[in-house]
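Please read this report with the sequence and the model side by side. It begins with a single residue and then widens to helices, cores, domains and the ligand.

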Amino acid sequence: MNVIVNGALGRMGQQVCRLLAESGDTAIRVDRVGGDGVYAALSDYDGPADAVIDFSHHTGAKELMDYCAARKLPLVAATTGYTPEELALLEAGSKAVPVFQSFNMSVGVALLARLVKEAAAVFGGADVEIIEAHHNRKADAPSGTALMLADAVKSQRPESQYVFGRSGQHKRQPNEIGIHAIRMGNVVGEHEVIFGTDSQTITLKHQAHDRALFAEGALTAARFLLEQGPGFYHMDDLLG
Ligand SMILES: NC(=O)c1ccc[n+]([C@@H]2O[C@H](COP(=O)([O-])OP(=O)(O)OC[C@H]3O[C@@H](n4cnc5c(N)ncnc54)[C@H](OP(=O)(O)O)[C@@H]3O)[C@@H](O)[C@H]2O)c1
């Protein structure tokens, strides 16, 4: 497989290139600074390619989608921070080529979200609390993944209200989903969803040990797209 890696010099891009090399595939590296063996723009490369994996910056969405559509290349859009308009661009582009988009490329987290949905349906009356932990350099809180997990609960309980942190003199309301963020050290990413009733507690938890898992997920998604027609795909499609 020949894969164009956009953002190839970044932390995630480097992981993707390493995995491609390990599996005997070829990485075509693109990063805006360019350099030795690195194209400075997608439009600088028109050679053989089977797919594009993007771990760069959300503001490049239009250039990225235009390039993939023009070259009929499947796209794994793994970058985060897309605005609704940029996401709409990708979705529109997916009418021409297969596009895979996820703010969390971990197959394990996708499975966690599915299990959370099931637990929320079975334990309809349980109190739900979500706790996430990340390294001390992360700017945003709570994580997009914590919100995605809250949405998974809400899909089964539309009356849910998100409560970010908790302090002061307020009793917990039954429809609350408490969302709590911890920032410390070098934690790659942990997400825990707790369902509590008067008689039992169920805890569903995912721990990422290595950022490589996101690169692995992106490669799995790229291989998946090779078998698909145009469409807007997400982790749930990958799980089957
Ligand atoms: N979906 C997931 O599971 C997942 C997991 C991890 C990370 N991410 C996301 O993936 C993105 C990259 O993460 P990272 O940790 O690898 O960041 P990073 O280390 O900052 O790497 C991003 C790379 O892309 C380059 N770049 C920026 N804008 C570009 C553009 N318009 N076109 C081409 N290259 C561009 C950057 O160059 P400069 O250094 O010159 O800015 C940098 O080399 C972020 O949005 C991050 O949140 C997603």
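D127 is partly exposed, because 18 other C-beta atoms lie within 10 Å of its own; a residue is called buried if that number is 20 or more, exposed if it is 12 or fewer, and partly exposed in between, with C-beta atoms placed from the backbone. This is a predicted model, in which local features need pLDDT of at least 70 and side-chain atom pairs count only at pLDDT 80 or more, while totals for chains, interfaces and linings use all residues. Residues are numbered from 1 along each chain as its sequence is written.

D127 sits in strand β7, where helices (H or I, at least four residues) and strands (E, at least two) are DSSP runs numbered from the N terminus. Leaving aside neighbours within four places in sequence, D127 is in contact with R172 and G196; two residues are in contact if their C-beta atoms, placed from the backbone, lie within 7 Å. D127 and R172 are 45 residues apart in sequence, yet their C-alpha atoms are 8.9 Å apart in space.

**Two helices with a buried side**

In helix α5 (residues 144-154), the buried residues are T145, A146, L149, A150, A152 and V153. They lie on the same side of α5 because they cover an arc of only 150° around the axis, the arc being that of the directions from the helix axis to the C-beta atoms. An α-helix has 3.6 residues a turn, so residues three or four places apart point the same way.

Helix α2 can be read in a similar manner. Its buried residues are A61, L64, M65, Y67 and C68, and they share one side of α2 because their arc around the axis is only 160°. After α2 comes K72, whose phi is positive, near 55°.

| Helix | Packing partners of its buried residues |
|---|---|
| α5 | α4 (107-122), β7 (127-134), β8 (161-164), β9 (176-183), β10 (189-196) |
| α2 | β1, β4, β5, α3 (84-93) |

**Nonpolar cores**

A nonpolar core is a set of buried Ala, Val, Leu, Ile, Met, Phe, Trp, Tyr and Cys residues joined through C-beta atoms within 7 Å. The largest one has 39 residues, and V3, V5, V16, I53, V76, A218 and A222 have the most contacts inside it. Helix α6 gives the most to this core, with 8 residues. Apart from this core lies another, of 20 residues, among them A113, I130, A146 and M235. For V5, the contacts beyond four places in sequence are G13, V16, C17, A27, I28, R29, V30 and I53.

**Domains and ligand**

The domain assignment, which is automatic or taken from a database, gives domain 1 (2-105 + 212-239) and domain 2 (107-208). Taken over C-alpha atoms, the centres of the two domains are 29 Å apart. Their contact takes 10 residues from domain 1 and 9 residues from domain 2. On the side of domain 1 that touches domain 2, α6 (212-226) and α7 (235-239) each supply at least two residues, and α7 gives the most, with 4 residues.

How many residues surround the ligand? There are 24, and the closest are G7, G10, M12, H57 and G60; a residue counts as near the ligand if its C-beta atom, placed from the backbone, lies within 6 Å of it. Helix α1 (residues 11-22) gives the most to this shell, with 3 residues.
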